[in-house]
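Hi everyone, thanks for having me. Have the model open while I talk, and stop me whenever you like.

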Amino acid sequence: MIDKLSWVAAYPEILLLTMACVIALADLTVKSPLRGATYALTLLSLGAVALLLGMAAVSGTTTLGFGGMIVSDPMGNWLKCFATIAMMVTLVYGRDYAGQRDMLRGGEMFTLSMFALLGMFVMISGHNFLVIYLGLELLTLSSYALVALRRDDVQATEAAMKYFVLGALASGFLLYGLSMVYGATGSLDLSEVMKSIAGGEATLKGSTQVLTLGLVFVVAGLAFKLGVVPFHMWVPDVYHGAPTAVTLMIGGAPKLAAFAIVIRLLVEGLQPLAFDWQQMLAVLAVMSLLVGNFAAIAQTNLKRMLAFSTIAQMGFMLLGLLAGVVNGDTGNMANAYGSSMFYVITYVLTTLGTFGVILLLSRSGFESENISDLAGLNQRSPLYAGVMAICMFSLAGVPPLVGFYAKLSVLQALLASGGPFYVGLAVFAVVMSLIGAFYYLRLVKLMYFDAPTQTADIEAGLDARSVLSINGALVLLLGILPGGLMSLCAQAVAALFA
């Protein structure tokens, strides 16, 4: 069961786990308040892991390991590579912020972020219900601890408690659903589950009613992890209450892992039930676009506004997943799921830039988290205002930025499926994007046309400023030349069905 190929399939996870343990021990000898040595070693380790994953993804090979429990394929390797880069960028942006708020008394922030990333890796690589669930638990348990890292802060501990209670509920939903699917199919392996369901009553071990009920619970659990309506209650509270560096850790890289488990469970495991789960996702997507966009307009807190924006953006991403199987025809799958993958990657890139600006504007004793705090930012720092404006225009879907092409690719996938229902969804999504543009463009107006409310100097390290500049440039460059990343996503998803 465990052969050489198993170790090849799992080597990124093994390297990450080893380095997380080494860094936890090495940090005991570090005395500097900003944890310079721990920070450097963490970035070097993550850089090495990202490089290895990129090389594995380019090779295009698919390897099953540990008796088919994990899989190393192009889609998984690219998502893990981008998640690693996102975590590195998060640590670069968040280090000074965390140091000013006494969150670096020990190296827990670095080791917990690496264990959270390991959880994402296991989720993305999982080809078995139990492995996916173990990865999910490792990510969520690390996230609870990260949210509560400022243990003297009332808001942060309250957010951690809400996240813990609702997260436990969602994990229960998912586990209950997976156990029902196991009861109906007699297997935990995704490919075996798919064969059993595809064979109908002849191959199922249990009743179809149990299978359908299990599917409902699985979709509910996944919806919570994505933060879509009506399982979105935790998103604004946790985004607002968590330290901003941790908000970015929760709102960035984990979205890639959440997308991966949706593909693994619903497409690779439960594809014969696509007619059922696509209807559920359609309801979740429409409600998320409605609630997310309208609630964001009413917010005065920047982090809460971005939380509702996230809900709307995830709703838009789900639209791509609806168009994969149309009346039993699977011909549009690579196009539809590839467009959703492109959407989630570009969303994470833009979110990194947005929260990067918020983190670098915060200083000791001051959280730059109200919308009014951005007033007149262009007069204080044209660079930060420029990056923030690019990210806002991208989230609003303004050409030629990458957010426009992300939305366009999802709408094209919907229209390619041809039915009036899908055309109606595309029109609805466009209308919701127009409404969403209001609260994004309101920030740009504040930064460029209002008088500054803050006059303090903006201090940031060279590393953070450099990464922020590259971040903003990528949002613009990938908008002008989106073809490379689009074809990468399409090929990675197509490899799943090869």
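At what angle do helix α16 and helix α18 pack, and how far apart are their axes? Before I answer, some housekeeping. This is a predicted model, so to speak of local features we need pLDDT of at least 70, side-chain atom pairs count only at pLDDT 80 or more, and totals for chains, interfaces and linings use all residues. Residues are numbered from 1 along each chain as its sequence is written, and side-chain values use heavy atoms, with hydrogens and water left out.

Helix α16, residues 382-396, packs against helix α18, residues 420-449, at an angle of about 170°, and their axes are 8 Å apart. Helices here are DSSP runs of H or I with at least four residues, strands are runs of E with at least two, and both are numbered from the N terminus. An axis is a line fitted to C-alpha atoms, for helices over the stretch in contact, and the angle between N-to-C directions runs from 0 to 180 degrees. So α16 and α18 are roughly antiparallel to each other. The cut-offs for that wording are under 35 degrees for roughly parallel, over 145 for roughly antiparallel, 65 to 115 for roughly perpendicular, and oblique for the rest.

Who touches whom? On the α16 side, the residues include Ala-385, Met-388 and Phe-393, and they meet α18 residues including Ala-437, Leu-441 and Tyr-448. Contact means heavy atoms within 4.5 Å. Sorted by class, this contact has 14 nonpolar, two polar and no charged residues. Nonpolar covers Ala, Val, Leu, Ile, Met, Phe, Trp, Tyr, Cys and Pro; charged covers Asp, Glu, Lys and Arg; the others, Gly among them, are polar.

Now another pair. Helix α13 (residues 302-322) and helix α14 (residues 333-361) have axes that come within 8 Å and cross at roughly 170°. That makes α13 and α14 roughly antiparallel to each other, too. Among the residues in the contact are Lys-303, Thr-310 and Gln-313 of α13, plus Ser-339, Tyr-343 and Thr-354 of α14. The breakdown for α13 with α14 is 13 nonpolar, six polar and one charged.

Of the 18 residues of α4, 15 are buried, so the helix is largely enclosed by the rest of the structure. Buried means under 20% relative accessible area, exposed means over 50%, and partly exposed is in between, with a 1.4 Å probe and protein chains only.

Let's zoom in on some single residues. Ser-142 is in helix α5, residues 129-147, and is buried at 5% relative accessible area. A polar atom of the Ser-142 side chain lies 2.8 Å from the backbone oxygen of Leu-138. Setting aside neighbours within four places in sequence, Ser-142 is in contact with Leu-112, Phe-115 and Ala-116.

Then there's Val-246, in helix α10, residues 244-251. Is Val-246 buried or exposed? With 0% relative accessibility, Val-246 counts as buried. Val-246 and Gly-94 are 152 residues apart in sequence, yet their C-alpha atoms are 8.1 Å apart in space. Not counting residues up to four places away, Val-246 touches Met-103, Leu-146 and Val-147.

Last stop, the loops. Most residues other than glycine have a negative phi, and most peptide bonds are trans. Phe-66 isn't a glycine, but has a positive phi of about 50°; look for Phe-66 in the loop between β1 (63-65) and β2 (70-72). Phe-66 is buried, with a relative accessible area of 19%. Asp-102 also has a positive phi, about 60°, and sits in the loop between α3 (74-100) and α4. Asp-102 is partly exposed, at 41%.

And where are the cis peptide bonds I'd like you to find? One joins Val-229 and Pro-230, with omega about 5°, and Pro-230 lies in the loop between α8 (208-226) and α9 (234-241). Another runs from Pro-399 to Pro-400, with omega near 5°, and Pro-400 is in the loop between α16 and α17 (402-416).

Conventions
A polar contact is a pair of N or O atoms within 3.5 Å; within protein, one must be able to donate a hydrogen and the other to accept it, and residues adjacent in sequence count only if both atoms are side-chain atoms.
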